[in-house]
Amino acid sequence: MAINNLAHDVLILGGGHAGVRATRELIRHQRPGERLDVALVSRDNVELWHGLMPQMLANTVQPEHVVVPLREVLPRVSIYVDEIREIDLEHRRVTIDQGTDGEELILTYRTLVLAIGSTIDLTRRSLQRRAPTRQELEQPTPDLDGR
Ligand SMILES: Cc1cc2nc3c(=O)[nH]c(=O)nc-3n(C[C@H](O)[C@H](O)[C@H](O)COP(=O)(O)OP(=O)(O)OC[C@H]3O[C@@H](n4cnc5c(N)ncnc54)[C@H](O)[C@@H]3O)c2cc1C
């Protein structure tokens, strides 16, 4: 059930490299005296440096070195660590899931930035079995069908 409705000038969806860079540049280029109300939604409260994950697997860097806390690098930005459920471009609103008890929040915006990344397609040429994806920290160890 929708419990609230919050309006923002700019709503950025996704807290990966694209979302974080876009937010920082937007804040940096504000005109003097301008105070944009910027919000970012991401299911993770950190930006993950994928490029360092091989080193993490090799144990030359630790997991805490490949994550950047969003609230630290984006001060004065409203951060929603939630799942994006629906994007309604026509009515300029985004519905997010808050927690496990089914509560929803509706965010409205003047400008929307879509930076929710992409999904990896490993359906061809048995890639699924030979090339497991590694975009999350939860399963850092490769699982190659028991090999
Ligand atoms: C192992 C590995 C190594 C890499 N090495 C390099 C490298 O050396 N150099 C290089 O240039 N690139 C590298 N890349 C690629 C690079 O990491 C990606 O191109 C980059 O992360 C894409 O950034 P993005 O912001 O578009 O997407 P992402 O980083 O995927 O960010 C998307 C964000 O949106 C959030 N999100 C998505 N859907 C939802 C939803 N429904 N609700 C809430 N939040 C959501 C995600 O949680 C995430 O925070 C590597 C990638 C991998 C996997």
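**Entry 1: loops with positive phi**

I started at asparagine 59, which lies in the loop between α2 (53-57) and β4. Helices (H or I, at least four residues) and strands (E, at least two) are DSSP runs, numbered from the N terminus. The model is predicted, so I kept its limits in view: local features need pLDDT of at least 70, side-chain atom pairs count only at pLDDT 80 or more, and totals for chains, interfaces and linings use all residues. Residues are numbered from 1 along each chain as its sequence is written.

Asparagine 59 is not a glycine, yet I read a positive phi of about 65° there. Most residues other than glycine have a negative phi. Is asparagine 59 buried or exposed? Asparagine 59 counts as exposed because it has 8 C-beta neighbours inside 10 Å. The classes are buried for 20 or more other C-beta atoms within 10 Å of the residue's own, exposed for 12 or fewer, and partly exposed in between, with C-beta atoms placed from the backbone.

I then looked up arginine 92, in the loop between β6 and β7. Its phi is near 55°, again positive in a residue other than glycine. Arginine 92 has 15 C-beta neighbours inside 10 Å and so counts as partly exposed.

**Entry 2**

I followed the pairing next; two strands pair if DSSP finds at least two bridges between them. Strands β6 (residues 83-88) and β7 (residues 93-98) run antiparallel and are joined by 5 bridges. They form a hairpin with 4 residues between them, and arginine 92 is in that turn. β7 is also joined to β8 (residues 103-114), antiparallel, by 6 bridges. That hairpin too has 4 residues between its strands, and glycine 99 in the turn has a positive phi of about 75°.

Which residue is the bridge partner of glutamate 83 in β7? I found aspartate 97. In β8, the partner of aspartate 97 is glutamate 104.

Isoleucine 12 lies in strand β1 (residues 2-13). I list isoleucine 12 as buried because 27 other C-beta atoms lie within 10 Å. Its contacts (C-beta atoms, placed from the backbone, within 7 Å) include Val38, Leu40 and Val113, leaving out residues up to four places away in sequence. Leucine 112 is 100 residues apart from isoleucine 12 along the chain, but their C-alpha atoms are separated by 6.0 Å.

I took a nonpolar core as a set of buried Ala, Val, Leu, Ile, Met, Phe, Trp, Tyr and Cys residues joined through C-beta atoms within 7 Å. The largest one has 16 residues, of which Leu11, Ala39, Leu40 and Val41 touch the most other members. β1, β2 and β8 are the elements giving two or more residues to this core. β2 gives the most, with 4 residues. Leucine 11 touches Ala39, Val94, Leu107, Tyr109 and Leu112, with residues up to four places away not counted.

Methods: Contact = placed C-beta atoms within 7 Å.
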